[in-house]
Amino acid sequence: MAMNYAQENIYVLVFIRLFGLVSMIASGFIIRDITRKLYSRPGAFLKKVSLTQSILIVLSIGDFGGAFFVQFISTWMVPFHSQLLGSVGSQQSCVAQGFLSTFFYSLSALTNASLAVAYCLIVRLGWKDKDKSKNRLPFVLTPFLISIVLAFVPLFGSNYNYNAGYSCYISGAPAGCEFDPNPQETCTRGAQARNMLLVAGLIPTLVAFFILTVAVVLLIHAVLVQERRMDQYQRAGRSRKMTMESFYQGMFYIGAFAISWIPWLVYGFKEYIFASVHKPSYYVMLAVTPLHGVMNAGVYFRPRLKAERERNPTDSTCKSLMQVLHIKCCCNRKSKEGAGDTPVITTDQQTEDDAEKGDEKKIQTNALAGDPKTATINLEAAQNAEIGSEKKVITSS
């Protein structure tokens with residue numbers, strides 16, 4: 001980067017690695033939650049994984065890899081001659097870190113957009129999430145291939161170098177030389193790093209954010225249109241419950257992306273345009289970017305935690321959370337005062353029972369919440385039920 005904020009501060013390094021570790025754990029919980037249910041029954045893994053589950057696995061891998069290679073490893077891959085605290089790497093390890101960080105960050109951002117588009121098509125076109133006729137490769141392979149290309153492009157011109165921060169990324173060498181009037185003369189490596197940062201980093205992330213936002217808006221609009229069609233069958237007046245649930249879940253999803261990536265976009269564009277940034281911008285970006293895995297885990301588990309709390313209101317929040325995450329600990333055996341000992345059906349038990357009943361008419365409105373079985377609405381079934389009740393009233397009269 002153009003300005004060197006990487007002082008000999010062990011507290012900052014601990015902070016970065018801690019946040020990276022938390023993000024890795026959160027992403028691991030998503031992968032574990034998906035795979036444990038798929039392996040719990042006999043049959044091949046790939047035959048059982050659904051469209052959204054396959055995208056979520058790739059998304060979590062992107063979050064995990066980005067947090068590991070950028071935040072957790074951090075200075076360990078930085079060349080030792082940089083004299084940065086904890087730097088024990090070489091120029092080769094620096095290039096590897098830059099390549100992997102570009103790949104995993106791009107994979108995370110683009111897969112977020114792919115997941116939003118998939119949910120939008122499921123709701124608007126009535127796709128079944130487990131319909132095998134819907135090819136999963138375009139939604140999974142496209143972000144992967146684009147990320148590979150974006151990671152390879154900066155290799156031409158040696159644009160992966162130590163960025164005067166806490167890791168190696170797209171930068172000139174020495175750091176900041178790409179912003180000089182004649183970078184070809186002042187840079188020993190990465191003279192075109194300024195343009196590469198724009199092409200391989202900033203623009204793809206901005207495009208992904210735009211696609212994600214449009215897809216979520218179209219999804220919410222589709223649910224609203226469906227509920228409006230149901231108004232004529234509603235005796236108690238119109239209801240917008242599913243629209244509001246989709247709206248809130250969609251806003252959580254957009255917010256998770258925005259909180260993690262907008263500070264990085266602001267920092268990057270400021271650096272690209274003005275060739276310098278303020279120190280607070282750097283530390284805000286440094287603090288929130290590793291939390292993308294945590295944000296996605298929050299969006300993924302939120303509907304399930306909410307349902308668990310509604311089914312067992314007397315349980316403590318800790319117990320409900322451990323139930324959702326399938327963690328056995330002390331708070332699993334504790335409830336709020338007055339709670340009974342009656343066994344309850346857990347979230348996964350209920351969703352598995354629903355799946356066995358074969359309720360294929362459910363239209364998913366859990367906007368990018370992870371497992372689409374945890375929050376769905378059966379508009380067709382509701383409509384048929386209302387029509388049936390109307391016929392009974394007419395017949396009786």
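The model is predicted, so local features need pLDDT of at least 70 and side-chain atom pairs count only at pLDDT 80 or more, while totals for chains, interfaces and linings use all residues. Residues are numbered from 1 along each chain as its sequence is written, and side-chain values use heavy atoms, with hydrogens and water left out.

**Backbone**

Most residues other than glycine have a negative phi, and most peptide bonds are trans. The bond that joins A173 and P174 is cis, with omega about 0°. P174 sits in the loop between β2 (168-170) and α6 (183-186). Helices (H or I, at least four residues) and strands (E, at least two) are DSSP runs, numbered from the N terminus.

Two serines have a positive phi, as the table lists.

| Residue | Phi | Loop between |
|---|---|---|
| S74 | about 50° | α3 (51-72) and α4 (91-125) |

Buried means under 20% relative accessible area, exposed over 50%, and partly exposed in between (1.4 Å probe, protein chains only). S74 counts as buried because its relative accessibility is 0%. S158 has a relative accessible area of 28%, so S158 is partly exposed.

**Around I31**

Where is I31 found? I31 belongs to helix α1 (residues 10-39). With 23% relative accessibility, I31 counts as partly exposed. Leaving aside residues up to four places away in sequence, I31 touches S60 and I61; contact means heavy atoms within 4.5 Å. I31 and L59 are 28 residues apart along the chain, and their C-alpha atoms are separated by 9.4 Å.
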